[in-house]
Amino acid sequence: MRKPLKVEAAGEGLAGKGAVRIRLVRFGRKKLPYYRIIIANSRSRRDGRFLEMVGHYNPMPDKNGEKDIKVNGERIKYWLSVGAQPSDTVRNILYKQGVMTPPNSPVPAPAAEA
């Protein structure tokens, strides 16, 4: 008799182990990139399977010189709270959107008493 498979809901078991990443998936054509911000298992391919899509990023400026960035801040905060690690590029995007603290921000050292 077979043992029943244990199914984990939306990667909750993976996030605690640091195996879930917030990263970009490339779409578009040659020299006109367009990216989706996704939640994926760290072992999956760049354009492979993912758990959830939480935003998009178009690095090509429009007529006004602005880049199109849209993120679902609520879902990203949830995934960060369960241990998902953003890639460096996604961390910078989330900082610009006000979802995360500045990347590589120095931690204030405790004041030394004399």
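Two strands are taken to pair if DSSP finds at least two bridges between them, and the strands (E, at least two residues) and helices (H or I, at least four residues) in these legends are DSSP runs numbered from the N terminus. This is a predicted model, in which local features need pLDDT of at least 70 and side-chain atom pairs count only at pLDDT 80 or more, while totals for chains, interfaces and linings use all residues. Residues are numbered from 1 along each chain as its sequence is written, and side-chain values use heavy atoms, with hydrogens and water left out.

**View 1. Strand β3 and its pairing with β2 and β4.** Strands β2 and β3 run antiparallel and are joined by five bridges, with Glu 52 of β3 as the bridge partner of Ile 39. Pairing between β3 and β4 is likewise antiparallel, over four bridges, and here His 56 has Lys 70 in β4 as its bridge partner. Five of the seven residues of β3 are buried, so that the strand is mostly covered; buried means under 20% relative accessible area, exposed means over 50%, and partly exposed lies in between, for a 1.4 Å probe and protein chains only.

**View 2. The salt bridge between Arg 75 and Glu 52.** A search of the whole structure finds two salt bridges, each defined as a side-chain nitrogen of Lys or Arg within 4 Å of a carboxyl oxygen of Asp or Glu. In one of them the side chains of Arg 75 and Glu 52 meet at 2.9 Å, N to O, and this pair links distant parts of the chain, since Arg 75 lies in helix α2 (residues 73-81) and Glu 52 in strand β3 (residues 52-58), 23 residues apart. Arg 75 counts as partly exposed at 28% relative accessibility, whereas Glu 52 is buried, with a relative accessible area of 19%.

**View 3. The salt bridge between Arg 91 and Asp 88.** The closest N and O atoms of Arg 91 and Asp 88 are 3.2 Å apart. Because the two residues are three residues apart in helix α3 (residues 88-96), Arg 91 and Asp 88 are separated by about one helical turn. Arg 91 is partly exposed, with a relative accessible area of 21%, and Asp 88 is exposed, at 57%.

**View 4. The two sides of helix α3.** The buried residues of α3 are Val 90, Ile 93 and Leu 94; seen down the axis of α3, they fall within an arc of 95°, and therefore line one face of the helix, the arc being that of the directions from the helix axis to the C-beta atoms. The face turned away from this buried side carries the exposed residues Asp 88 and Lys 96. Just after α3, Gly 98 takes a positive phi of about 80°.

**View 5. The largest nonpolar core and the surroundings of Val 90.** A nonpolar core is a set of buried Ala, Val, Leu, Ile, Met, Phe, Trp, Tyr and Cys residues joined through side-chain atoms within 4.5 Å. Of the 16 residues in the largest one, Ile 22, Leu 24, Ile 37, Ile 39, Ile 76, Val 90 and Ile 93 touch the most other members, and the elements that give two or more residues to this core are β1, β2, β3, α2 and α3. Leaving aside its neighbours within four places in sequence, Val 90 is in contact (heavy atoms within 4.5 Å) with Ile 22, Arg 23, Leu 24 and Ile 37.
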